[in-house]
Amino acid sequence: MNKSSIKIPFVNLNLQHQPIQIQLEQAIQAVVSQGNFILGQAVADFEREFAAASGAKYGIGVASGTDAIALGLQACNIGSGDEVLLPVNTFVATLIGVLQAGAKPIFVDCDRQTALIDLAAAAKLVTPKTKAIIPVHLYGQMVSPIKLLDFAQTYNLLIFEDAAQAHLAAREGYFVGSVGIAAAFSFYPSKNLGGFGDGGMLLTRDPDVAQKMVRLRNYGAAQKYFHVEVGTNSRLDTLQAAVLLEKLPYLAKWNCDRNHIAQQYDRELLPLASFGITPIENHSDVGHVYHLYVIKIDDSCTFARQQIQDKLAELGIQTGIHYPIPCHLQPAFTHLGYQPGDFPQAEALAKQILSLPMYPGLSSSEITEVVSAIASILSNSQQLLCL
Ligand SMILES: *Cc1c(COP(=O)(O)O)cnc(C)c1O
């Protein structure tokens, strides 16, 4: 699809940035004037404000969400010799984080309705070496905190949350980041809170984890030129922190918009259930922050997903697939020893899911246009069948 033919894009960040453009430019200009580009004041300010907004004690900014996971696991003393449970249908960065921390990833299948990690399946994979579980709050919906805490207590495991898609999400009275020992966030531009480049953060209530994280992101230094562990260089950029600090006050409102958009999609998609099209289920009401709005196109549907995606593109509607290949089938990870068929739910879902346009500012009429477009594609197929 060439750019001019796009009527409804998959994401539109301009809608977020234009109304606060002057503010954002001033924040960037202030960093340039101060010249404090590494671990400048905006980093500490944003760490404090993001932690406070999330109800966490400490926030440690890093260069990306991937580093927040890789270094965060190390800060929690999870690494070599430890097995870590994670959903197989996550973005590959969760897996990369586990591998970089030196731990052994143990994939778990997902629930077909919510696409979240299946804790009953996870229970069967616990061994004496299992140290932690990484719930990925996929698409913006938290894994049930009550069930997670119960699971972790039963098997004596740490919970390390991958909250890269779930800034400020809530469920069962818990906020994201408050369930586990620590939680990793990404500020990749299109995340619910995104910078003008890469960025990430670890939230934790544990002072030891926080202190170790502060060292790990800064060459393992306990103080300048005194290195107590093998750290790396992974700091949240001051310029990014300044942008994120300006955007943070709008995050709750933007999440609210996303949830309303999803509610409208849910309502308007209802009649398409009989055609085999249903949304991934929301079990957390307004606590779901809808990083993505994902539908399933059942095998009973007369059109294949690819056809629906192509026809939507012809109509100027951009969609995505998150994610088309589960982690265990990615070429880079064949050495982990998994086979096709090992995770039937995740493998089936990967073939059925389609992410619809979702961003704050997507209008009510645009939502209707997306759903009508899908309906018109399906009704054409019915006519063909009738001939
Ligand atoms: C985006 C994302 C990450 C990685 O974040 P980056 O900032 O891109 O490194 C990790 N896990 C999940 C689930 C994500 O969506």
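**Close-up views of a predicted model**

Glu 172 is partly exposed, its relative accessible area being 36%. The views below are taken from a predicted model.

**View 1. Glu 172 has a positive phi in a loop between two strands.** Phi of this residue is near 55 degrees, and Glu 172 is not a glycine. The loop runs between strand E6 (170–171) and strand E7 (174–175). Because 36% falls between the 20% and 50% cut-offs, Glu 172 is classed as partly exposed.

**View 2. Tyr 139 is a buried residue with a positive phi.** The phi value is near 65 degrees, in a residue other than glycine. Tyr 139 sits in the loop between strand E4 (130–133) and helix H7 (145–155). Its relative accessible area is 4%, so Tyr 139 counts as buried, the limit being under 20%. Most residues other than glycine have a negative phi, and most peptide bonds are trans.

**View 3. His 322 and Tyr 323 are joined by a cis peptide bond.** Omega for this bond is about 10 degrees. Tyr 323 belongs to the loop between helix H11 (305–314) and helix H12 (344–352).

**View 4. Four residues form a nonpolar surface patch.** Val 32, Phe 37, Ile 38 and Leu 39 make up the patch, which covers about 330 Å². One of them, Leu 39, is located in the loop between helix H2 (21–34) and helix H3 (41–54). Leu 39 has 33% relative accessibility and therefore counts as partly exposed.

Note on methods. Residues numbered from 1 in each chain as written. Predicted model: local features only at pLDDT ≥ 70, side-chain atom pairs only at ≥ 80, totals over all residues. Heavy atoms only, no water. Patch = residues over 30% accessible without salt bridge, like charges linked within 9 Å, V, L, I, M, F, W, Y side chains within 5 Å. Areas by Shrake-Rupley, 256 points an atom, 1.4 Å probe, with all protein chains shown as cover. Salt bridge = Lys/Arg side-chain N within 4 Å of Asp/Glu carboxyl O. Helix = DSSP H or I, 4+ residues; strand = E, 2+ residues; numbered from the N terminus. Buried < 20%, exposed > 50% of the residue type's maximum accessible area, 1.4 Å probe, protein only.
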